[in-house]
Amino acid sequence: MKKLLKKRIIIPVLACGLFFTTTAFQNDFFEIAKQLEIFTTLFKELNMNYVDETNPGDLMDTAIKSMLADLDPYTNFMNEQDVEAARINNTGDYTGIGAKVKTLKDKLVIVEPYKDYPADKAGLKAGDEIIKVGNNLIADYKEDAGELLRGVTGSSVEVTYKRQGKTNTATINRAEVEIKAVPYFSLINNKTGYIVLSRFNEKAAAETNYALRDLKAQGAQKIILDLRGNPGGLLNEAIKIVNLFVPKGQLVVTTKSKVKKYNKTYYTQNNPIDTDIPLVVLIDGGSASASEIVSGSLQDLDRAVIVGSRSFGKGLVQRPKELIYGTQVKITISRYYTPSGRCIQALDYWHRNEKGEAVRVKQENYNEYKTKNGRKVFDGGGVFPDASFDASNNSAITSAIVNNDLVFNYATDYYNKHKFDNIDNFKLTDADFNDFKTYLKSNNFTFETETEKALNKALEAATKEELNDDIEKDYKTLLDNLNKSKTSIIDANKTYLLEQLTEEIVKRYVYREGLYDYYKTHDTKIKKATEILNNPSTYNDYLH
């Protein structure tokens, strides 16, 4: 135990040396050294003298996470597994089974098998629950169980999984997996090209460049660039993608920080592919960071019409810093600003409310900026589309439905009950939506609103004070009304929820590639983008 402590306690001391060499901390040299010494002493005394056995690693993990939680959600400590996950995200390459997998306490759930990769070839489907990998029961495995699926190219792994309550086994031959930044591109019609850019990894600009050239060679005279659901990634890739459509030497983004070396201006470095081709960019609430640099910059430069719903609003830049023992810390080092000078950061992590929650920048506090042609644009709330579609009306409840895997699980049930030879004309009906609402009830979906929490506290206080029974009756009436309100909110978000369900269900039948084919003829935002591009005067009106 003492040897372990000695090894662990050395970490802050070594980290101290790293901190001292960082320019950002030089002015606070003494204060940092003082606080590190206090922490090191506390950590040592706590572990050596606490009444029960302690786990220094767990205590340190809690201390680090608690400290970083006071900053913003993007400044994170990364252990060795996190570092490897970040590498895969940036390069798009790894060796494994070729499926998106969710790790739960007692199982690994196949979220999405990639077409023609090992998991798909072995017959695994979305919704399958892996309970055993080789001789390892997931429920008993203490480390990251997802790592059990990784291995060298050509090696095999046997998995035991459940589907519809039945237990099955499959042998999967691992292979190199390439996660494409541009998973799909094609012509929508003989003059309009469609490019899906799903992430900003190291291949994003090269793959977008290839897709654009290929579509132009096929006859495309207009382009739709789909950034919906793209969470961002590498800043330099975003700049290169903007550069495909704007001249060399154009300012794309500026970063500002308290550390002078992070204050930078980024200009396009290459000759463009096409500065005149009409362009529409699709965004939504899942478009963040680098996606907002691309869409915001092209909007500021009046180079594209932005269609969809307001983007996420992440105007912060992170950089990983290597620590020791293979770990890293990813630190928010600066804010970024689009060519007009706006920062689209939507949440203020530095002036929190009384509950300690980051608050959204209020609309009355937005600042107005001008695009190249003099159009009004605003900061503080993400990128606002030129042609706007409503997002979900109550993100708290709809997010809870999605985050609790209820859309995913319903899609699994639906796929297992329905067979289609052709998905081209697939459309969910009102009856399907009602069935989904019944499914929510049968799966005990509950979402406690802030109002309910306040009512519960009020009832507890009334009970302690022995107030009359009428309060409890009123409480039950209010609770019934709240539940009715929740149902009406779900109904108000019918369009959004049906879109989420449709996406999950269509993928089950025709994979993600087939989903994009389906989008081309059914998606309302793509139809709107095509309509704008088909009318030059409408397109130009948006940009002037």
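What follows goes from the salt bridges to the backbone.

This is a predicted model, where local features need pLDDT of at least 70, side-chain atom pairs count only at pLDDT 80 or more, and totals for chains, interfaces and linings use all residues. Residues are numbered from 1 along each chain as its sequence is written, and side-chain values use heavy atoms, with hydrogens and water left out.

Search the whole structure and you get 25 salt bridges, each being a side-chain nitrogen of Lys or Arg within 4 Å of a carboxyl oxygen of Asp or Glu. One of them joins Lys102 and Asp405, at 2.7 Å from N to O. Lys102 sits in strand β3 and Asp405 in the loop between α9 and α10, so this pair ties together parts 303 residues apart in sequence. (Helices, H or I and at least four residues, and strands, E and at least two, are DSSP runs numbered from the N terminus.)

Now look at Glu112 and Lys507, whose closest N and O atoms are 3.9 Å apart. Glu112 belongs to strand β4 and Lys507 to helix α14, so the bridge ties together parts 395 residues apart. Glu112 is buried at 9% relative accessible area (buried is under 20%, exposed over 50%, partly exposed in between, with a 1.4 Å probe and protein chains only). Lys507 counts as buried too, at 11%.

Most residues other than glycine have a negative phi. Ser289, in the loop between β15 and α8, also has a positive phi, near 55°.
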